[in-house]
Amino acid sequence: MFVSRVSLAGFRGLKNNIYDLERVNNLVGDNGSGKTSFLEAIYLMCTGVSFLTKATETIANHATNQFVVEGIQSRTKESNKILVCYKQHKKTHFLNNKKTTQGKLFLEHPVCLVDAFVNRVVSGTPENRRRTIDRALFNVEQEYLLEHRAYARCLKQRNKALKEMQTAEQVGAWDETLSMHGEKITKMREKHILEIAPSFEEMSNLFLGREAKIEFTRGWRGDSLYEALKRNIEKDKALKRTSCGPQRDDFMIGVSGKRAQTHMSHGQEKMLSLSYIFSQKTSIEKQTNKNTIILFDETDSNLDEASTNKVIDYLKNVNNQILTATHTHSSLCKKLIGNTIFLKQN
């Protein structure tokens, strides 16, 4: 997959402009110059959603209250024209001039995102880690997106019943449907972690010089989510929310028999988190038979020269389109040779 050109209009503070892209693209600028916004635009074009916000209206330039991101994405024998526009409080997706959905964009154009908070894979909350699994599965499983949405709707209704202090029978009316969707989601997440485990161990050995292990944990005790929901009903009524299910799923990363987040520096956390993200990239590409586009924010932040060189060597040896974001004082552009785009907001 290769984005050869992208056109931006009304997107945050970025200038309305057309950008020609190559295989390697280094976005360079000071703080606030729009580097992350540019990566966000590419991600939104490929997936239909932002990785920074759920409030799409905040992306539009305040002067226009609308935006357009349009691009050409090429493969070996074909190219796609993609357009995502926001106008009159509505976001619309087009693929080759025909309306499409967010889910189809995710499946058609896989992306490997390394955002500025990548360390949170190790040191962040379970919600941060679940989000990384979800992003990967949205790229490969149409069923996953459908199950995810169905579960969210059902969970909202069950939690509403709990907040309204409805009876156990009224709350329990949602349990069968909730457990059906919830168990499918957790099984797909667990399968994903098992699939990337060998690659993750290999990558962590390359980046850290130590082999790391990854282990998935379900968001409930026992085999059956349905039974767990029934068992926890009094607890849920007291909390006024559902206390078990996929919304409690997590995974743990261990190095040398210790939990990684308890004894690693920020640089080591980043290298371990990158091992995880790039292992997901390998899995996505195997399942879709498509090369992901790597979007890499604050590429050399928190890394010493030796670690930065390991990451650059990795990027040089993969067959992916790469967009990195870094500061003007960084030497990244000299080491990862490619198209340099200097950004400056309006």
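In this predicted model, the largest nonpolar core holds 93 residues, and Phe38, Ile253, Leu272, Tyr276 and Phe278 touch the most other members. The main contributor is helix H7 (residues 175–208), which supplies 10 residues to this core. Phe278 shows how such contacts reach across the sequence. Beyond its neighbours within four places, Phe278 is in contact with Cys112, Val114, Met203, Phe207, Ile294, Phe296, Tyr314 and Leu315.

Five strands form an open sheet in the order S8-S12-S13-S3-S14, and their pairing is parallel. Strands S8 (111–114) and S14 (339–342) stand at the edges. Each has a single partner strand, so one side of each lacks a neighbour in the sheet. On average, neighbouring strands of this sheet are turned by 15° against each other, direction ignored. Within the sheet, strand S3 (residues 24–28) and S13 pair in the parallel sense over five bridges. Val28 stands opposite Thr326 in S13. Helix H10 (residues 266–288) lies across S8 and strand S12 (293–296). The helix runs at about 170° to S8.

Strand S13 (residues 321–326) includes Gln321. This residue counts as buried because its relative accessibility is 1%, with burial meaning under 20%. Its side chain makes polar contacts to the backbone. A polar atom of the Gln321 side chain lies 2.5 Å from the backbone nitrogen of Val3. The Gln321 side chain also reaches the backbone oxygen of Glu22, at 2.9 Å. Residues up to four places away in sequence aside, Gln321 touches Met1, Phe2, Val3, Leu21, Glu22, Arg23, Asn25, Thr292, Ile293 and Ile294.

Terms used:
Residues numbered from 1 in each chain as written. Predicted model: local features only at pLDDT ≥ 70, side-chain atom pairs only at ≥ 80, totals over all residues. Heavy atoms only, no water. Core = buried A, V, L, I, M, F, W, Y, C linked by side-chain atoms within 4.5 Å. Buried < 20%, exposed > 50% of the residue type's maximum accessible area, 1.4 Å probe, protein only. Helix = DSSP H or I, 4+ residues; strand = E, 2+ residues; numbered from the N terminus. Contact = heavy atoms within 4.5 Å. Polar contact = N/O pair within 3.5 Å; in protein donor to acceptor, adjacent residues only side chain to side chain. Pairing = 2+ DSSP bridges. Axes fitted to C-alpha atoms, helices over the stretch in contact; angles between N-to-C directions.
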